[in-house]
Amino acid sequence: MSTVRPKLHDRGNPRLDGVLDFVKFTARPMPLATLLDEAPRRLVQLLHADVCSLYLLEGEHTLVMRGNVGFDARALGQVRLQVGEGITGQAVEYMRPISSAHAGKHVSYKYFDELHEELYPVFLAVPLLGKAGPLGAVVMQRASVPFADPEVEILTALGGLIAAGVRHAELIDSQREKSFTRKAGGGTRKVTLPGRPMVPGRAIGAIAALRRPAHRPSEGRISAMPHDADRDVRMLKSAFDVTEKAIGALANRARELDLGRDAAFLGTYVEI
């Protein structure tokens, strides 16, 4: 009696290897900023696209680009759509993927001057689904070659992993914020501070509201300025020393854990 041995799908299939690597990546706990930076880079490589954008739903109706590969980094936080607006907004509204080989001809197409999207007319938008509604969308774009049905199916499935990663990352970030000792003086609320960055990067996390400075400094304060200025300089230098040592320790620990690219940002912090 002959036996049929099952086929082991070992490494060598680029598409399968990429999917498994993406699954492994999203299974790791990580801050939201890491997920928003790394997921688009991996998806561009996996689906051979030119652009990948991650939009998160902020408030009830606003989609904000929070992750991207392929466009100018200054677009992050600046490109915004309402649910139902543009191809991306419609994908979120209908909770179904939408693709187009010529996005500019789509009746609902929304053009952004700063993105120069006319260079990438092949468009695929997939909603990120949460427990009780949408969390955002992932958008892939190409200069040519329409997205095939298997690619739509793969991105839809991987979008579910991204959505789970977003929820997990937000939980991690919220727990980290709770670990800080808070002083009395009011509660907290989630806000988005819009602006145009001067250097590439992103800041996501807690902010502290400092006490308002006095409108008119007292005479005693003015007379004490030279002494206070020297003390402030010493305190600032000490703070930099402590911070450099702390970040250096984190970088050493990351090397011990072989985190590689996931901890590359620490080098930039040390330079700063």
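**Reading strands and helices**

Visitor: In S2, which residue is the bridge partner of Leu-57?

Guide: Leu-63 is the partner of Leu-57. Keep in mind that this is a predicted model.

Visitor: What happens in the hairpin of S1 and S2?

Guide: There are 3 residues between the two strands, and Gly-59 takes a positive phi near 75 degrees in this hairpin.

Visitor: How many bridges pair S1 with S6?

Guide: S1 and S6 (residues 134-142) pair over 6 bridges, in the antiparallel sense. For an example, look at Leu-56, whose bridge partner in S6 is Gly-136.

Visitor: Okay, helices now. What describes two packed helices?

Guide: You use two things: the angle between their axes and the distance between those axes. Here, H1 (residues 14-27) and H2 (residues 32-47) pack at about 170 degrees, and their axes are 10 Å apart. Angles over 145 degrees count as roughly antiparallel, so H1 is roughly antiparallel to H2.

Visitor: Which residues of H1 meet H2?

Guide: From H1 you get Arg-15, Gly-18, Val-19, Asp-21, Phe-22 and Phe-25. On the H2 side they meet Leu-35, Glu-38, Ala-39, Arg-42, Leu-43, Leu-46 and Leu-47. Sorted by class, the contact has 8 nonpolar, 1 polar and 4 charged residues.

Technical notes. Residues are numbered from 1 along each chain as its sequence is written. This is a predicted model: local features need pLDDT of at least 70, side-chain atom pairs count only at pLDDT 80 or more; totals for chains, interfaces and linings use all residues. Side-chain values use heavy atoms; hydrogens and water are left out. Axes are lines fitted to C-alpha atoms, for helices over the stretch in contact, and angles run from 0 to 180 degrees between N-to-C directions. Helices (H or I, at least four residues) and strands (E, at least two) are DSSP runs, numbered from the N terminus. Angles under 35 degrees count as roughly parallel, over 145 as roughly antiparallel, 65 to 115 as roughly perpendicular and the rest as oblique. Contact means heavy atoms within 4.5 Å. Ala, Val, Leu, Ile, Met, Phe, Trp, Tyr, Cys and Pro count as nonpolar, Asp, Glu, Lys and Arg as charged, and the others, Gly among them, as polar. Two strands pair if DSSP finds at least two bridges between them.
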